[in-house]
Amino acid sequence: DNGIQRPRGYNVSFHYNSDVEQHHFGSHHPMKPWRLHLTKELILSYGLHYAMDLYQTREATRAELATFHTDEYIDFLSEVTPDNMNEMGITDKETRHNFGDDCPVFDGLYRYCTLYTGASVSAARTLAATNPPFTNSHDIAINWSGGLHHAKKSEASGFCYINDIVLCILELLRTHPRVLYIDIDVHHGDGVEQAFASSDRVMTLSYHKYDKYDFFPGTGGLHETGPKATSSNPGAYTSLNVPLLDGIEDDQYTYLFEQITGKTIEVFRPTAIVLQCGADSLGGDRLGKFNLNIKAHGACLSFVQSHRLPLLVLGGGGYTARNVARLWTHETSLCTGSVLPDAIPAAAPYRQAFAGAENGDSLLYPNLEGRHENKHDREKIEGLVQTCHEH
Ligand code: ZLS
Ligand code: CA
Ligand code: ZN
């Protein structure tokens, strides 16, 4: 007995296939699937696997991908290799389906995609299966290898090829009347927003750094709330965006998150929630611009959990691998209701990866603030809350 107990009537399931870790986008590419290996090892060294049901998931099938993506795009994705990409139409001058530096062709690309998507679909199914009837069951399903929110119907975008989140939401809609999607990755969740822009059964809510010209993907402004309502298009105001500037800090972010997410849940009354937990919103991320600490990011998950609805928890971005592993280990512990000691277990493999760099050696919760100047004041934060409440 390691002291980790499960509250009754509350099931956490963990969906994963370790083969996903072995893929490489290329030596200088910021997306490193190896961060998932580091995450898994840290979760195991804290013993959190004793508190969850573990699912070793299979690859997603073509038919599953085709519930959102086009056949032509899936054909391309499954056939293209580093050896044949020139014949397939990807050259220095031209590209297809938006492949290029952000979304390169690499060995095993299709298997990488079907592995992360297979884990997401498995997670979504465990939640869809518990309902209806819509009891107080607030089961949680986790897939840290998923959450790739930029992929479009027939296009790769921003390190994402298959939009596993869209597939999960489609699966949940088979049994759930209304699904709320919340995205705390530092980038705008544009692919998911676009896919459900005209649906009144899915609400999307993204918090992100926004700069139309200077930060990817350049969408997600405060007044982008979805198409206008018509009889054939009931989706007006079912996209909500919270555009932020550089350097936001813990208290401001959690305040905004609770005010806006709380109101959204109250008004939309979802029967299930999907939370994309991109780790690039942490301070010290290689691509991100915020100053958040691990516990503030986790406080957003705790707030969502407190509504006791079936919850699908996904990964996303995260480009400083040791902090990705720290965050997702902490968030796994929040799901299981465990409290972790700050000292990383002495026996943890890769303990060296967590030494140095941030203050404090081998701590789970180093201080990550202070890298970016905070461009938000009280009026800015209150203005965002007020406008989002009006929307
Ligand atoms: O949300 O900013 C861009 C697009 C460009 C600049 C970069 N060049 C390569 C292409 C054109 C305008 N892309 C972003 C995409 C961010 C995707 C975030 C995904 C997610 O976290 C969910 C998983 C971007 N930011 C940084 C880079 N790309 C980037 C940095 C360094 C490199 C190396 C590899 C490749 C080319 C050199 C690259 C991309
Ligand atoms: Ca986001
Ligand atoms: Zn991101």
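User: What makes Leu172 count as buried?

Analyst: Leu172 lies in helix α5. Buried means under 20% relative accessible area, exposed means over 50%, and partly exposed is in between (1.4 Å probe, protein chains only). Leu172 has 0% relative accessibility, so it counts as buried. One thing to keep in mind is that this is a predicted model, where local features need pLDDT of at least 70, side-chain atom pairs count only at pLDDT 80 or more, and totals for chains, interfaces and linings use all residues. Residues are numbered from 1 along each chain as its sequence is written, chains are lettered from A and ligands numbered from 1 in the order in which they are written, and side-chain values use heavy atoms, leaving out hydrogens and water.

User: Which residues does Leu172 touch?

Analyst: Leaving aside residues up to four places away in sequence, Leu172 touches Ala124, Leu127, Ala128, Val179, Val274 and Leu312. Contact here means heavy atoms within 4.5 Å.

User: How do you know which residues coordinate the zinc ion (ligand 3)?

Analyst: Donors are N, O and S atoms within 2.8 Å of the metal (3.2 Å for Na, K and Ca); water is not among the atoms, so sites may look incomplete. Asp185 (OD), His187 (ND1) and Asp280 (OD) coordinate the zinc ion (ligand 3) at 2.0 Å. Asp185 is in the loop between β4 (179-183) and α6 (190-195), and Asp280 is in the loop between β7 (272-276) and α8 (294-305), so the pair, 95 residues apart, links distant parts of the chain. Both Asp185 and Asp280 are buried.

User: Why does the radius of gyration agree with a compact globule?

Analyst: The radius is taken over C-alpha atoms, and the globule rule is 2.2 Å times the number of residues to the power 0.38. For 391 residues a compact globule would have a radius near 21 Å, and the protein has 20 Å, so the two agree.

User: How many helices and strands are there, and what share of the residues is buried?

Analyst: The protein has 10 helices and 8 strands. Of its 391 residues, 60% count as buried.

Note on methods
Helices (H or I, at least four residues) and strands (E, at least two) are DSSP runs, numbered from the N terminus.
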